[in-house]
Amino acid sequence: MSANTPFIHRNLPRLLLQAREAVMAHTRPSLRDQGLSDQQWRVLRVLGEDHGNGGTGVETGRIAREAFIIGPSLSGVLTRMERDGLIQRARAATDQRRTVVQATELGLARVATLSATIEAHYQWMEQHLGKAKLQALYELLDGVIALEAPADSTATALTE
């Protein structure tokens, strides 16, 4: 492509970021009311989802991948969250070199409070977009993620 050739397609990464920011504009005030940063919420969201771990905690590498937080940043986030009583860390029972994280009762209470607010916003989106369009959006995003996954080095970079 020469320097004079215009782009044919719209800037998908910018549109995805713009959509994320539009959705987060509704969520951030609730996060701030609970004393949480975006990153802290992403960690609590990962911990609050059912991972079938039987209450043994989630490994930090998995948190980094699912919350999209690089290792050095995650360390600081977890330190602050532990200080604030939102999480607890321990060595993994199966491998003492690994660290697992669990939400405390306080952390889970924040998840419950915020989940209600966030789910209400998703219900609002569903009312305005329609259930079929919102489901189609989820499916399209899942499709883009799956399509790009083999070329995506983010997951590897986050744990390094």
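Me: What makes S3 count as largely enclosed by the rest of the structure?

Reply: This is a predicted model, and in it four of the five residues of S3 are buried. Buried stands for under 20% relative accessible area, so S3 is described as largely enclosed by the rest of the structure.

Me: How do you know that S2 and S3 pair?

Reply: Two strands are said to pair if at least two bridges are found between them, and S2 (residues 87–91) and S3 have five bridges, in the antiparallel sense. One of the residues involved is Ala 90, whose bridge partner in S3 is Val 100. Strand S1 (residues 58–59) is also joined to S3, by two bridges and again antiparallel, and there Glu 59 has Val 100 as its bridge partner.

Me: Why is H1 called roughly perpendicular to H2?

Reply: The axes of H1 (residues 12–33) and H2 (residues 38–48) come within 11 Å and cross at roughly 90 degrees. Angles of 65 to 115 degrees count as roughly perpendicular, and therefore H1 is given that description relative to H2. Where the two helices meet, Arg 20, Met 24, Arg 28, Leu 31 and Arg 32 in H1 face Asp 38, Trp 41 and Arg 42 in H2 as contacts; by class, this contact has three nonpolar, no polar and five charged residues.

Me: Which residues touch the most other members of the largest nonpolar core?

Reply: Among the 24 residues of that core, they are Trp 41, Val 43, Leu 44, Leu 47, Ile 63 and Ile 87. The largest share of the core, five residues, comes from H2.

How values were computed:
Residues are numbered from 1 along each chain as its sequence is written. This is a predicted model: local features need pLDDT of at least 70, side-chain atom pairs count only at pLDDT 80 or more; totals for chains, interfaces and linings use all residues. Side-chain values use heavy atoms; hydrogens and water are left out. Axes are lines fitted to C-alpha atoms, for helices over the stretch in contact, and angles run from 0 to 180 degrees between N-to-C directions. Angles under 35 degrees count as roughly parallel, over 145 as roughly antiparallel, 65 to 115 as roughly perpendicular and the rest as oblique. Contact means heavy atoms within 4.5 Å. Ala, Val, Leu, Ile, Met, Phe, Trp, Tyr, Cys and Pro count as nonpolar, Asp, Glu, Lys and Arg as charged, and the others, Gly among them, as polar. A nonpolar core is a set of buried Ala, Val, Leu, Ile, Met, Phe, Trp, Tyr and Cys residues joined through side-chain atoms within 4.5 Å. Buried means under 20% relative accessible area, exposed over 50%, partly exposed in between (1.4 Å probe, protein chains only).
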